[in-house]
Amino acid sequence: MENRLYDVTALGELLIDFTENGSSPQGNPLFEANPGGAPCNVLAMLNRLGKKTAFIGKVGKDAFGAQLKTAVEECGIDTRNLVMDERVHTTLAFVHTYPDGDRDFSFYRNPGADMMLTKEDIQTDLIENSRIFHFGTLSSTHEGVRQATRFALDTAKAAGCMITFDPNLRPPLWDTLENARAEIEYGMARCDMLKISDNEVEFLYNTTDYDRGAALIEEKYHIPLVLITMGKDGSRAYYKGIRAQAAPFLQSGTIETTGAGDTFCASAINYILEHGLENLTKDNLSELLAFANAAASLITTRRGALRVMPSRPQVLEFMKSAGRD
């Protein structure tokens, strides 16, 4: 598997994030059309870290779809399986940012092109020639794209790919939260590395005791590596009975948190690509978490995510400046 053409292939949503960027002279909010979507954010960061990636998804054959295709290709991501839908427009999301940098989403996706991906659209050779297959749950909100996601996941399993999963829960996109829960559980039952946020642990297990949440996940799903991100409280890793924790890199320059979790996830995947998933030590886990936390912190000082991911030297320099190299 080491000699496969791609390090990571990801499947999922690719959309425009309209993020607030000041006000007009009339006092109206101005929005910037940023390329977005968690799976491609992850791939963009992996490319910045020197990895080769490919994306499977669908956008509209419209101006926004063309913008997204250009942006993804500029990041070095293979787009041969980015399908342009002639009937349905590109999905849009409007991101409202709060003073602390947290955000709220309003989606225009009823339908959106990313929902229209079918299993017939998928070029299975991309997955079969990848070391890792990465996905989330936004590609499982509706029946057609859910079938496509499961087909891709089955292809990855049959090809012996490592599976990485980030639920990326967005409640407004689900008919019911029970459907969301079912798809998160489906992914957890099939992945080798889980990146999950504190609010998603709370959603699944109704607890803010994240050690307990991790124990419940490990007991039921036996996932080799579980990573929990906790925002301003840092992150934790759970691996074969080992627990590691790393403090966050808090800074006054935070603008918004869009893409922070994706940057963290990509950094963790990159560490596993370089070190493997066997015989990790507590020091390994601490090193993984520290770099991922630092990279995630850097992205919060930049508007958007996909086009402005930090490089490895930038992350290391930032860690050094914070006295944590």
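Visitor: Which residue of strand 13 is the bridge partner of Tyr-239?
Guide: Ile-242 is the bridge partner of Tyr-239 in strand 13. This is a predicted model, in which local features need pLDDT of at least 70 and side-chain atom pairs count only at pLDDT 80 or more, while totals for chains, interfaces and linings use all residues. Residues are numbered from 1 along each chain as its sequence is written, and side-chain values use heavy atoms, with hydrogens and water left out.

Visitor: What makes strand 12 and strand 13 a pair?
Guide: Strands, DSSP runs (E) of at least two residues numbered from the N terminus, pair if DSSP finds at least two bridges between them. Strand 12 and strand 13 (residues 242-246) are joined by five bridges and run antiparallel, so they pair.

Visitor: How do you know that strand 12 is largely enclosed?
Guide: Buried means under 20% relative accessible area (1.4 Å probe, protein chains only), exposed over 50%, and partly exposed in between. Five of the five residues of strand 12 (residues 235-239) are buried, so the strand is largely enclosed by the rest of the structure. Ser-235, Ala-237 and Tyr-239 cover one side, Arg-236 and Tyr-238 the other.

Visitor: Why is Ser-140 called buried?
Guide: Its relative accessible area is 4%, so Ser-140 falls under the 20% limit. Leaving aside neighbours within four places in sequence, Ser-140 is in contact (heavy atoms within 4.5 Å) with residues including Trp-174 and Glu-183.

Conventions. Helix = DSSP H or I, 4+ residues; strand = E, 2+ residues; numbered from the N terminus.
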